[in-house]
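I opened this notebook to go through the strands, the helix and the side-chain contacts. My entries follow below.

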Amino acid sequence: MNMLSALVGQKIWSAKSGVGSFLTLEMGQKIGAHGTYHLWVQNANWSINSASKVLCHESSVKGKITETVNNLNNGTITKIEIAQTKLTLYIGLYTLVLEVPHSRENEILWTLWINDLVYTTYRDRIIIAVR
């Protein structure tokens, strides 16, 4: 997943919770409503953590999600770790952990736009396309 290394050093200028458990992170140069780096978490299990505890996750109360996601704004991604079924983004004092759920085979977990490339991540594969 070398594509993810491009995110290290990027400052998040817009972190938002969306419909249901969706999350978006905007980084890089602003082009319209999005950044040149745009991460959309759709169907992955996720949590936002401090050093000592889980602050919220995909099933938390919407108000708690919104409050916690706002803490990611202006944070810089300093490190990324990839494990078998888990992706961890280190953002300032927080971590955003994305985990592969027991999902249907063709369900999109997250999508990452980097400039003109679109990386769509499924449970068992990544599809790369040019937009």
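Which residue in strand 8 is the bridge partner of Ser47? I looked it up, and Val97 is the partner.

**Ground rules.** I am working on a predicted model, where local features need pLDDT of at least 70, side-chain atom pairs count only at pLDDT 80 or more, and totals for chains, interfaces and linings use all residues. Residues are numbered from 1 along each chain as its sequence is written, and side-chain values use heavy atoms, with hydrogens and water left out.

I take helices (H or I, at least four residues) and strands (E, at least two) as DSSP runs, numbered from the N terminus. Two strands pair if DSSP finds at least two bridges between them. For angles, I use lines fitted to C-alpha atoms as axes, for helices over the stretch in contact; the angles run from 0 to 180 degrees between N-to-C directions.

**Entry 1: the sheet with strand 8.** Strand 4 pairs with strand 8 (residues 94-99) in the antiparallel sense, over 5 bridges. I then traced the open sheet of 5 strands and got the order 5-4-8-7-6, with antiparallel pairing. Strand 5 and strand 6 (77-82) are its edges, each pairing on one side only. On average, neighbouring strands of this sheet are turned by 20° against each other, direction ignored. Helix 1 packs on this sheet and touches strand 4 and strand 5. The direction of helix 1 makes about 120° with that of strand 5.

Entry 2

I checked the strand pairs one by one. Strand 1 and strand 2 run antiparallel and are joined by 5 bridges. Ala15 stands opposite Leu25 in strand 2. The hairpin of these strands has 5 residues between them, and Gly20 there takes a positive phi near 60°.

Strand 2 (residues 23-31) and strand 3 (residues 34-41) also run antiparallel, with 7 bridges. Leu23 has Val41 in strand 3 as its bridge partner. Thr24 has Trp40 in strand 3. Their hairpin has 2 residues between the strands, and Gly32 takes a positive phi near 65°.

**Entry 2: helix 1.** Ile65, Thr68 and Val69 are buried. Down the axis of helix 1, the buried residues fall within an arc of 100°, so they line one face. I take that arc from the directions from the helix axis to the C-beta atoms. The buried residues pack against strand 1, strand 2, strand 4 (45-49) and strand 5 (54-57). Contact here means heavy atoms within 4.5 Å.

**Entry 3: aromatic rings.** I searched for ring pairs of Phe, Tyr and Trp (its six-membered ring), with centres within 6.5 Å; planes under 30 degrees apart are stacked, over 60 edge-to-face and the rest tilted. The whole structure gives 2 aromatic pairs. Phe22 and Trp40 are edge-to-face, at 5.5 Å centre to centre and 80° between the planes. Phe22 sits in the loop between strand 1 and strand 2, and Trp40 in strand 3, 18 residues apart. Phe22 is partly exposed at 27% relative accessibility. Trp40 is partly exposed, with a relative accessible area of 27%.

Why do I call Trp40 and Trp113 stacked? Their ring centres are 6.4 Å apart and their planes at 20°, so the pair is stacked. Trp40 lies in strand 3 and Trp113 in strand 9 (residues 108-114), so the pair ties together parts 73 residues apart in sequence. Trp113 is buried, at 16% relative accessible area. Phe22, Trp40 and Trp113 form one aromatic cluster.

**Entry 4: charges.** I counted salt bridges (a side-chain nitrogen of Lys or Arg within 4 Å of a carboxyl oxygen of Asp or Glu). The structure holds 1. The side chains of Glu81 and Lys79 form it, at 3.1 Å, N to O. Glu81 is partly exposed at 32% relative accessibility, and Lys79 is partly exposed at 39%.

Note on methods. Buried < 20%, exposed > 50% of the residue type's maximum accessible area, 1.4 Å probe, protein only.
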